[in-house]
Amino acid sequence: ARVQLAFTGQAGYRIDLPSWFIMPAYRYAYFHPWQQGGDKAFDAFRVQYHTFGIRTGLSKLPLQGWLNYTLTMEETGRKLDNDRIELLGQVTF
């Protein structure tokens, strides 16, 4: 039988300022595609993500922006250079 294991957790703290806000945050995610019942060779497919981010927005306008950096940690034998930076924006109307 194939049993996968995955979980995630995140935390952030919003700081309200007079006309805008800023919110630093952290997220941890883990994925193992074959946790039980599989060959130990599948341990190389385990992956962990550490994401550090900042969200900001304006109090009087529906504008928000995110800047995230994700550090990807993989096992030996499967390591790739796939860390990433994301810049996102949102306008709500």
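The dialogue below goes from the overall fold to single residues.

Reply: This is a predicted model, in which local features need pLDDT of at least 70, side-chain atom pairs count only at pLDDT 80 or more, and totals for chains, interfaces and linings use all residues. Residues are numbered from 1 along each chain as its sequence is written, and side-chain values use heavy atoms, with hydrogens and water left out.

Me: How many helices and strands does the protein have?

Reply: Helices (H or I, at least four residues) and strands (E, at least two) are DSSP runs, numbered from the N terminus. Here there are zero helices and six strands, in the order β-β-β-β-β-β from the N terminus.

Me: What share of the residues is buried?

Reply: A residue is buried under 20% relative accessible area, exposed over 50%, and partly exposed in between (1.4 Å probe, protein chains only). Of the 93 residues in the protein, 16% are buried.

Me: Which aromatic pairs does phenylalanine 7 form?

Reply: Rings of Phe, Tyr and Trp (its six-membered ring) pair if their centres lie within 6.5 Å; planes under 30 degrees apart count as stacked, over 60 as edge-to-face and the rest as tilted. The structure holds three aromatic pairs. One of them, phenylalanine 7 with tyrosine 28, is tilted, with 6.0 Å centre to centre and 40° between the planes. This pair links strand E1 (residues 3-12) to strand E3 (residues 20-36), its partners being 21 residues apart. Phenylalanine 7 also pairs with tyrosine 30, here stacked, at 5.2 Å centre to centre and 20° between the planes. Because phenylalanine 7 lies in strand E1 and tyrosine 30 in strand E3, the pair ties together parts that are 23 residues apart in sequence. Phe7, Tyr28 and Tyr30 form one aromatic cluster.

Me: Is tyrosine 30 buried or exposed?

Reply: Tyrosine 30 counts as buried because its relative accessibility is 14%, whereas phenylalanine 7, at 43%, is partly exposed.

Me: Where does arginine 14 lie?

Reply: A charge sits over a ring if NZ of Lys or CZ of Arg is within 6 Å of the ring centre and within 35 degrees of the ring normal. Arginine 14 lies over the face of phenylalanine 21, 3.8 Å from the ring centre.

Me: Which residues is leucine 71 in contact with?

Reply: Contact means heavy atoms within 4.5 Å. Leaving aside neighbours within four places in sequence, leucine 71 touches Gln48, Tyr49, His50 and Asp83. Leucine 71 belongs to strand E5 (residues 63-74) and is partly exposed, at 29% relative accessibility.
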